[in-house]
Amino acid sequence: MKHKKFITIFILTALLAVLFSGFFSTGAQGSEGVVQTVKIGLFFGDNTLPSANLQNKIGSGFMFGFYDSGRNFNYLGETEETKITMMKDWNMYISGGAYYDKKPDSYSGVVGCYHVKLPGVYGSFQEASQAAAAYENAFPAYYNGVWNVCAGNYTSYDEALSANDSYGLGGEPMTASEYCITVTVTGTNKILFEYDCGSGTGLAVVPKPENEEKPETWFKGFRYNGGFQYLRLTGKDLTVINYVDIEDYVKGIVPYEMDPSWPIEALKAQALCARTYGASHIGLHKSYGFDLCNTVCCQVYQGQNRATEISNGAVDATAGQYILYDGQFCKTFFHSSDGGATEDSENVFHEALPYIRGVRDDYEKTVNTGYSNWSFTYTADEITWILQAKGYNCGNIVSITPTYTAMGNIYSLKFTDDNGRNWTFSKYDASCILYSSTLKKYTYSMRFRIETPGGSGTVLCINNANNTVEDPGTLYAIGSGEYIASLGGTGEVTVLTGAGLEDIKISGGSATLSADSYIVSGSGWGHNVGMSQYGAKAMANLGYTYEDIIKFYYTGVTIGGVI
Ligand SMILES: [Zn+2]
């Protein structure tokens, strides 16, 4: 009986623990909420750095510490120095003000990774700093949660050993672990601090505010808001991460994704895309210790260099707003120019997103996109060559069968060779297969048609064969044979058939083309999924708001904050 009661309590306790852990993890990460501080990888993977310097732009010196799992900065100490360098604990040679982990031909100094650890431990950075001040070249060191004072820097254990003898203080020669990070005054071998707390944690460096201004820090020619974290993953060079408020992150992104001289409502729409993208990819690169990287893999982010008052204004005016569908963050795909119609997500990529439906875009043509009309003629031999150059073991291509989506964008291209064998490329692959930088012939978007010069294969007459009709809703077409080509539009057109006028659903037809050459002509630039940036610009010029723009390109979404 007693035993049973114990088991019941045990189960209840376990249940509560599970409930509470669930509760707390929801609170901390906010499955519904937004992480306000995002972690952006600046140098990582194959691009880790032996050393990384910082310089105050706005700010007076730097604070040292570490970030906890809640992304809060935990203060340990600080320096008044305004130019500091973080480096792996290594023999680092100084040449021309920079640090090298291999000995260059000539160098002006070296930061040795061997030191003399003086006896005694201290209660804080401040206490260790005060004690260090009594010795030449001594510095506070935080090793695995313990405050020490170390003196000197030497390139070998033996040098540190003999230095230890001459100090005569009973210290010990040592070097820290492969996770240790050394901070110096930039261009010198004056060590300000060492941090070595094992593999799971990295040194955080945050600029000290000056007056009331938001600090800005120079790093490799770019100015950043927020703080920095330095990790030595598996003991390697420094992974550099920027811990930055999501609004400052978006301010950095917007002017790289869209010309900041564009109308403000378009910039606001871009800000919502960038913010939503960021918030919905928290933890994407967590194996490297951050959320998002700074390359095109995620969103190009190089601090605030390109931010202007206007682009910042677009971010501020929409602060905290996200694009949501069913209360969840949307995948905010966008592209430069749709050339007339965007596309259902599953017709380009794999995933069918309910809010990424193709829309016919009559706005975009009111601005100059630079890609509103492009056309390239390929000979059959060139097409054969392109396929072979891309690794397909085909014979001479003798025919091409394109299919189109209901929006009139390319869906697939089937190539047939003189042995009767076929190669079919669909969705995004269909838009790339004929792209050839060698031949300087390109397919820039999903919106193109392929035809033969004589028009053979054209099996649809629109009033007369040469007419192009922009609005299929007004279109009366005569289909011939069993084939009806897509006309674009929302999928319904009226055709005159043997049975009279009929509304029919266009699902894209196919006609096999066979000729000595093929004309590929299209419009737009990009993958046609989600928002067209030029379309956003056009809508803004016409007086539409960013909300109008977002809701036009993303079907059925809401705009709002997330709690
Ligand atoms: Zn990435």
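Colleague: How are residues numbered, and which features count?

Modeller: Residues are numbered from 1 along each chain as its sequence is written. In this predicted model, local features need pLDDT of at least 70 and side-chain atom pairs count only at pLDDT 80 or more, while totals for chains, interfaces and linings use all residues; side-chain values use heavy atoms, without hydrogens and water.

Colleague: Which residues are the protein donors of the zinc ion?

Modeller: Donors are N, O and S atoms within 2.8 Å of the metal (3.2 Å for Na, K and Ca); water is not among the atoms, so sites may look incomplete. Here the donors are His285 (NE2), Cys293 (SG), Cys297 (SG) and Cys298 (SG), 2.1 to 2.4 Å from the zinc ion. Their spacing in sequence is H-x7-C-x3-C-C.

Colleague: Are His285 and Cys298 buried or exposed?

Modeller: Buried means under 20% relative accessible area, exposed over 50%, and partly exposed in between (1.4 Å probe, protein chains only). Both His285 and Cys298 are buried.

Colleague: Where does His527 lie, and what does it contact?

Modeller: Strands (E, at least two residues) and helices (H or I, at least four) are DSSP runs, numbered from the N terminus. His527 lies in the loop between β33 (517–522) and β34 (531–532), and is buried, with a relative accessible area of 16%. Contact means heavy atoms within 4.5 Å. Leaving aside neighbours within four places in sequence, the residues in contact with His527 include Phe333, Tyr428 and Met446.
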